[in-house]
Structures are given as structure tokens and as C-alpha cells.
Amino acid sequence: MNILTFQTQEALNKAGAGIITALVQTNPKARLGLATGGTPVGIYQELVDAYKAGTVSFQGVSSFNLDEYIGLERSHEASYYRFMQEQLLGHIDIAPERCHIPNGMAEDLDAECRRYEQLLEDSGQIDLQLLGLGHNGHIGFNEPDVALTRSTHVVQLREQTREANARFFDTPEQVPVQAITMGVGTILKAKMILLVVRGKDKAEIVKQALQGPITTECPASLLQTHPHVVVLLDQEAGSLLV
Ligand code: PGA
């Protein structure tokens with residue numbers, strides 16, 4: 001693992017966007033695995049700025065999002081579909097038909113999970129998977145458990161996760177109880193993983209994930225088994241690493 005720590009959010013955002021931009025410049029048909037949440041927002045802003053400055057084009061790029069809530073219309077202000085449009089995809093020249101996200105409104109959710117996993121399989125290996133980290137060690141919505149599911153599946157969200165995400169909803173009760181997420185096995189298939197973590201409240205879980213035992217009780221610890229992981233941390237998130 002290559003762990004980089006940054007003094008400012010701006011430096012971290014520029015480094016994250018720089019890695020993605022360099023990939024797309026050298027591979028215009030890159031397949032990007034994308035994440036939602038507060039963590040990637042600054043990186044997405046940098047990518048939009050790079051696109052607007054003419055530094056990079058996403059015309060040939062495909063995107064595959066990690067997860068989506070079950071039961072929210074795409075137009076819902078907290079859906080991940082809408083998040084991605086507002087934070088990145090709606091502002092760059094990526095082809096809409098090459099932007100993929102699980103459909104949390106599908107009538108047959110298991111069939112939707114199989115469709116998404118097959119789509120990933122057929123599209124070829126993801127070149128770079130961007131990840132945030134949950135306070136409980138989740139990646140995507142793979143919550144800590146005695147065993148993890150390998151491929152895309154329906155997951156029951158932990159209360160801690162619902163509470164953490166309540167800030168994106170009018171009331172905490174509105175946070176869905178289920179989501180569709182890529183599995184840890186799906187995530188680990190990516191050629192490269194870019195894990196980004198910010199803030200003192202994540203320092204303990206960063207230490208567990210990167211330097212603790214590999215255990216399904218901290219899904220992010222499985223990233224230790226991947227041959228090409230780059231971790232971008234702010235100083236607070238990295239403060240407990242030894
Ligand atoms: P956050 O979420 O970026 O909003 O902190 C990260 C995650 O839960 O994976």
C-alpha cells in the first residue's frame with residue numbers, strides 16, 4: 001500500500017484528481033469505479049475544473065458506481081444517481097450511456113444485482129476504483145459482519161451508517177434501510193484502488209483498516225490483500241498510524 005498524507009484538503013483533492021486525470025489522459029477509455037458521500041466531493045470538483053480547463057476529456061470513459069439506496073427515485077435529492085449528476089457526471093463530457101449505477105427502484109432487486117455484476121464482468125476490469133471509508137470500516141455499503149458477500153448484493157444498512165448519512169436527508173427516518181452495493185470481491189477485482197479518508201473521527205478506523213488484522217469485521221482491512229492500493233489521507237485521518 002502506498003499511503004500519502006496531506007497537510008491541506010486542497011492538496012489532497014489535487015492529488016486525487018491528478019491520479020484520475022493522469023489515468024484518463026493515458027487511457028481515454030478508462031473504466032472508473034466511483035463513490036459517493038462527502039469524501040470525494042472535493043476531488044470531483046477538481047476533475048470538473050480540469051475538464052473545463054481543457055486538461056482532460058471523459059468522452060470515452062465509463063463509470064460504475066459502488067452503490068445506491070433502495071427505494072429512492074433517481075430524482076430524489078439524496079439518491080446517489082442525483083449526487084453523481086450534481087457533483088461530477090452532469091458537468092463533464094462523459095457519455096450518459098456509459099455511466100452506470102445500480103437501480104435501487106428495480107422491482108426484482110436480486111435480478112438487478114445479477115445484472116449489475118454481469119455488466120461489470122462484461123465491461124472488463126475497472127482501472128481505478130475510488131473508495132471512501134465508513135466509520136465502521138465499510139467500503140461501498142459492505143458492512144462489518146462475520147462473513148461478507150463477494151458480488152453485488154442487497155444489504156441491510158447499519159444504524160451507524162444511517163445516522164452518518166442522515167445529514168443528506170430532511171429527517172433521519174427518511175434514510176433508507178437497504179441499499180444495493182458492489183461486493184468486496186467486486187471491489188477487489190479493480191486494477192487499482194484509490195482509498196480516500198479525511199477527518200479525526202476516522203483516524204481509529206484508518207489505523208484498523210490499514211494496520212490492523214485482516215477481518216470481515218472491518219471490511220476495508222481486506223484492501224490489505226490487494227496488490228495496488230493508494231491511500232490519500234489528511235493529517236487528522238492519518239494521525240494514529242505508526
Ligand atoms: P463519507 O462516507 O465520505 O460521507 O464520510 C464514506 C463512506 O461511508 O464510505
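Helices (H or I, at least four residues) and strands (E, at least two) are taken here as DSSP runs, numbered from the N terminus. The model is a predicted one, so to speak of a local feature takes a pLDDT of at least 70, side-chain atom pairs count only at pLDDT 80 or more, and totals for chains, interfaces and linings use all residues. Residues are numbered from 1 along each chain as its sequence is written, and side-chain values use heavy atoms, with hydrogens and water left out.

At 35% relative accessibility, H91 counts as partly exposed (buried means under 20% relative accessible area, exposed over 50%, and partly exposed in between, with a 1.4 Å probe and protein chains only). Setting aside neighbours within four places in sequence, H91 is in contact with V48, Y51, Q85 and E86, where contact means heavy atoms within 4.5 Å. H91 and L128 are 37 residues apart in sequence, and their C-alpha atoms are 20 Å apart in space.

Another histidine, H138, has its place in the loop between β6 and β7. At 12% relative accessibility, H138 counts as buried. Apart from neighbours within four places in sequence, H138 is in contact with G132, L133, E143, T161 and P219.

Now to the aromatic side chains. Rings of Phe, Tyr and Trp (its six-membered ring) pair if their centres lie within 6.5 Å, and planes under 30 degrees apart count as stacked, over 60 as edge-to-face and the rest as tilted. By this rule the count comes to four aromatic pairs. In one of them, Y69 and F141, the ring centres are 5.8 Å apart and the planes are at 45°, so the pair is tilted. Y69 sits in strand β4 (residues 67-69) and F141 in the loop between β6 (128-131) and β7 (153-156), so this pair ties together parts that are 72 residues apart in sequence. Both Y69 and F141 are buried. Y69 also pairs with F169: here the centres are 5.6 Å apart and the planes at 75°, so the pair is edge-to-face. Again distant parts of the chain are linked, with Y69 in strand β4 and F169 in the loop between α5 (159-165) and β8 (178-181), 100 residues apart. The relative accessible area is 0% for Y69, which is buried, and 6% for F169, which is buried too. Y69, Y80, F141 and F169 form one aromatic cluster.

Next come the helix contacts. Two packed helices are described by the angle between their axes and the distance between the axes. Axes are lines fitted to C-alpha atoms, for helices over the stretch in contact, and angles run from 0 to 180 degrees between N-to-C directions. The axes of helix α1 (residues 9-26) and helix α2 (residues 41-52) come within 8 Å and cross at roughly 55°. The two helices α1 and α2 are therefore oblique to each other (angles under 35 degrees count as roughly parallel, over 145 as roughly antiparallel, 65 to 115 as roughly perpendicular and the rest as oblique). On the α1 side the contact is made by L12, N13, K14, G16, A17, I20 and T21, and on the α2 side by G42, I43, E46, L47 and A50. These residues divide into six nonpolar, four polar and two charged; Ala, Val, Leu, Ile, Met, Phe, Trp, Tyr, Cys and Pro count as nonpolar, Asp, Glu, Lys and Arg as charged, and the others, Gly among them, as polar.

Helix α2 also meets helix α3 (residues 80-87): the axes come within 10 Å and cross at roughly 45°. That makes α2 oblique to α3. V41, Y44 and V48 in α2 meet F83, M84 and Q87 in α3, and the contact divides into five nonpolar residues, one polar and no charged. F83, in helix α3, is buried, with a relative accessible area of 11%. Not counting residues up to four places away in sequence, F83 touches A35, T36, G37, V41, Y44 and L88.

Finally, I126 lies in the loop between α4 (109-123) and β6. I126 is buried, at a relative accessible area of 9%. Leaving out neighbours within four places in sequence, I126 is in contact with R31, L32, G33, F64, L120, M182, A190 and K191.
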